[in-house]
Each structure stands twice: as structure tokens, then as C-alpha cells.
Amino acid sequence: MGYNDPGIAHFGGAREQSLARETIQNSLDAAASIGTPVDVAFELQVREDDWFAKRELAATIQRCLTEAKARQDDKASQAFEEAAQLLGKTRLTFLRVADWHTTGLRGEKWDALLKRPGVSVHDQRGAGGSWGIGKNAPFTLSPLRTVFYWTRFEENGRAHERFQGKAVLMAHESGGEERQSTGFFGLVDGCRAVDGETIPSAVRGVESGGGQRSGTSLWIAGFREQDGWQERIARRVAASFFGAIRDGTLTVTIEPSEGMQARELIDIKADNLEEWFDYLQQGSDAAQDDEDDDIDDAHRFWELLQGEPTAERQDHDLGHCRLWVTVSDDAALPSKVGLMRKTGMLITTRQPGLIRFRGMRDFIAICRFEGDEGNELLRKMENPRHDQFEPERIENDPKEEQRGRAALKRISDWIREEIRKVAAPDVPMEAARLSELDRLLPDVAPEEPFGGDSGDGDEREPSFGAAPVVKLKPRRRPPAPVPPDPVEYDDGDPGEDTELTATTNREGSVAEPESVYSTSHTSQKRKRLLIDDVRLVPVQGGANRFRVSFRARESGVADIVLAEAGDSTLVSRDDVRASQDGVTFPLTGVELRPADRVEFEITAGSPLGERAWVVSAVVPEMP
């Protein structure tokens, strides 16, 4: 196996933040008892002694370096050169992540953590982790790709301790034999952990400070003390676990930076969370990152949870759900809905179906799922990053997947209705179409989670029972292009055209100017078929390339006409071409049916996203 490990690469971005989110979630899942808070600590340990077979690890890394150079793998070579330099020093820094008042790693949990990729074992029903991938997050912070594990647990009335190390390097040759990429520190016989008095004294001396409490510690070898690492961890803790901290089920201790020491902020707990939000929202230079919005939202959510719920619901699949909503005409609230699991961990504020709330006053809302059975269903739908619920994650069980889809739709509908009750405008308003403002930008992030089909880029949002998509087939012998006639509505049979940038429809009889298309043909009135639910979505990997889709309200055969909105007219674009599966074809004589959704791609020689676009289904002239 090469140096690039998929599980480790998954967390290669925001490393400290991923470490905090994954390890604390695991700690909450392993809480020893209800009513006793789980304590988690992030601290540095600097060691000079050779207590972990340092020479053997250094020799293995040298062999990996030789292998990487032979393969001309520059990335691996650079990484192993850095690792060799670190092991050549007398002092080595470890980041220790420890928890107490947890069950410890007893039974199969130990093997699942160290030796079984993609396996997650939990005692609690509705636990947060489900993919067994989060165990890789600590390795992203070790230049040695090495992590040591210690645990203490109670079994049969006795306390037990275990200790073992794991290195994920690359396959290499040693003594004329091929060696695998993963190695372990411990007993060679059976690749087992050391226990009791055989645990290195350097580790036992630190871990004994916790007394006889059960718990688990990770020692991340060679940790780089980059500026602001404490703040980055604190920001993720506050943004993701404010619910658990508020409940008093979680306390987090972080080795303080200078800024944190000046504010006497070391422990993140229920009675000082407001001070932490104040400190983190100041955005000190060391803590600046892309999580400002997350902290602002978390602060608002936390304040919202201080009051009584706005509404509650007992769902037969998701169990007891509590919803808090607040509105404001003065403060600029983000109009977001947060979804939180029972553990007090915020999962997402971007759940499909709960993103757009047009016409509502500014609000913020958070829904917490508190039933064990409901949390178990949600756990199955969480993606590996734990930031979205996706029913399609439930594999090999169509009935359970459908149950999850239905539950998410049901709860989303309920949340939207409760938000409408409190966030609807105070004064009655007539529905009005802002004919200019809704043409400014393309609809690059449409949301149709329970019946639509489009999402950002080339990825689709989850579709719950959507009508089938009909891909247009290119004609073998396309006719010579003929500029279309100017289009007008018949007075007695109004049609409809729809701006691709808008998610609402244009209704009624509207006469368009004769300069819509460049043509010298005589104007004739032609009927249009009604269409709606038009989407224009950028396709990744292609310049000026968009996917167009719409649904017909009535059956018939029509020419699909595309035009660009000018300042006051519609302008034809000769450089626009329609295609499907890479084959260009004319949009003429297309059969439309209400049960089908039409989809094709358009490309152009110049940018498509500068103006709005209009699509029309025009009935061809009778010969």
C-alpha cells in the first residue's frame, strides 16, 4: 500500500477541528453514566526518553523513505524526511487527547479502534458515530503518522489498563521481505497490547493522575505546535457541542494559548460558555479561519436554547422533537435551521428542505431529536463527515431507507410550518413578482429536496419520489437552422415562459417585443405550452456549461426556445448549443408530457451566467 491512506486523507483539511469533532463525539458516545459529565482534555506532553521503541520506528521510516524515493513519490519522500528529522531530536512533542467518566475501550471496542478499518462499535443506542472513519482523524496531526492509545476500564469488578501504538506508513522491504504499511507497538506475539505493569512508565505516570477513573487517551506523536491550534479546537468545540456543554454533559479543557490565559479561559463548560463565545467571536489573528459564521450561529442557537421550546412533536419514527424559533426585525438573523442529535452535537444547518425561506422575516431555529429510536435512525443517515442526513446512506434495506426519507420529509414540513407561524410577515402582502430583481443572478444552488433534482455542481440533492427525468435524444439528421419567429401569446390562450434564474413562474398574458430574436420574418402569433420548475445549474468541469431542466404542465409537441434577458428585451444567442451525452442537437419537435421532466445541457462561447435566461416551449407552426 502507498503513502496515501483514504481514511486519513478524508480529514486532511481542517485537522484540529476534525480531531475535536471526532474525538469528542466518541467520548460522548462512551459516557459511563447519566448525570456525570464527560471530561475531555487537549494538552501537550513533551518527552525526551525512548519509551516507545523510537529506534525501531526511525529505522522503519528510513526504509519507507527509501521505498518512496524508488517510487519517485515526492509527497511521501518529503513526509518521511520530516519524520526522520523529528526522530533525530532528543525531545518529541505529543498532543494528548484524554477523556474521563467514560466506559473505556473494553471488549471488541479496542480491536475496532486499532485493527478494524471502517468498523464502529457502541454500547449506546443512538450513538453519534456510525462509520468507523473518525478514528483516522488523529493521524493527520502526526508527522510520524503514529498514534498511541491508552485505556482503563472496569470488567468483572476489576480495573484493567491497556496500551498500544499504531503507525500507518507505507509498504516497504525489510530483510528481503515485503512489509505492510501498518505497524504496531506492543507484544509481537499476536500483535497484542501491553497491560498493567508492562505499560511504559512515561505513560503510566501521566495517566495515573486521573486516579482510578475509567477513560481513554490518545498520544499523537510529533504534533506540530502551530500558532492558534488551541483556538481552532476551541472554536470547533463551541460550534459543534454547545448543546452538550449547556446540558452539563460535557466539559472540555484545552492547554491555553497566551490569549486564553489572559482571559483565564481554560475549561469550556456551561457556566462560562458565554465568555468563550465572546472571546472566539473577537477573531484574534491566531484564530482567524473560515468558521466565523459557525461560531456566530452557535452563539445564537445557544441563546435560543435558554428559553422554552416554540413547538414539540412526537414523531412515530424520529421520536420526541423539540423546536426553538425566534424572529427579529432589528437584528440580522441568518434564517437558518440547526438540527441537533440527542448527544448535544449540532449536525447541520444546511439540510435539504430547510435552506430557503423566501418571504419570511429574519429568524433562527434549532430542532433537537431526543428519542433513542429516532437518533438510531438518524445515525444511519449521517454521512461520514457527520454534517448531513442522507437517507441513501442506508444501504441494502430499501424499507428502512424509505422510512428515513419519509421521516425527514415529515419533520421538515413540520419545521417549515412552525417557522411560518412565527416568521410570516406582520402585515398582509399581495404576491408580487419583482420583474427586475429576480433576473440578476443564475440559480446556482436550487433546492428541491422532496421532488426536484438539482444541486450544486454536478451533484444532485436527495430526491424524494421525483418524477422520472427524460433525456432528449439527438436527431440523426438535424434540419438546417432557421431563426425562430418572434413569439407572442394568443389573447385567448396564454402560454408561459420561465426565467431560468427564477424559482417562481411568470403567469398571465404578456406580449414580448418584436426584437426578441434577430429575424426579418413577419411576426406571427404562436401558442406556448405551460412549463414550470425550470432550473439552470452550472456543471463542474466545463466552462460556460449549464444543465437545464423543466417540467411541462400539459402535453404536446414544442420547440424549446432559449433567450438571454437584456436590459429591456430578450436577445438571441447564436453561440448557445444544446447537447445530451456530448451530442449536439436542435431543440425542435420535443414531445412534452406532465409526468416527465425534461433535461439537457447548454454550452456557449461566452459566459452564460452574466444575465438571466428565459426558456419557452413554443408550439411549431402547422405547415
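**Close-up 1. Glu400, a buried residue.** With 13% relative accessibility, Glu400 counts as buried (buried is under 20% relative accessible area, exposed is over 50%, and partly exposed is in between, using a 1.4 Å probe and protein chains only). This is a predicted model, where local features need pLDDT of at least 70 and side-chain atom pairs count only at pLDDT 80 or more, while totals for chains, interfaces and linings use all residues. Residues are numbered from 1 along each chain as its sequence is written, and side-chain values use heavy atoms, leaving out hydrogens and water.

**Close-up 2. Glu400 and Lys380.** These two side chains meet in a salt bridge, 3.2 Å from N to O (that is, a side-chain nitrogen of Lys or Arg within 4 Å of a carboxyl oxygen of Asp or Glu). The pair links distant parts of the chain, 20 residues apart: Glu400 sits in helix α12 (residues 398-423) and Lys380 in helix α11 (residues 372-381). Helices here are DSSP runs of H or I with at least four residues, strands are runs of E with at least two, and both are numbered from the N terminus. Lys380 is partly exposed because its relative accessibility is 34%.

**Close-up 3. Glu400 and Arg403.** Here's another salt bridge, with Arg403 and Glu400 meeting at 2.8 Å, N to O. Both belong to helix α12, 3 residues apart, or about one turn of the helix. Salt bridges with shared partners join Arg313, Asp315, Asp317, Glu373, Lys380, Glu400, Arg403 and Arg410 into one network.

**Close-up 4. Glu207 and Arg96.** The closest N and O atoms of this salt bridge are 2.7 Å apart. Glu207 lies in helix α6 (residues 201-207) and Arg96 in strand β2 (residues 92-100), so the pair ties together parts 111 residues apart in sequence. Glu207 and Arg96 are both buried.
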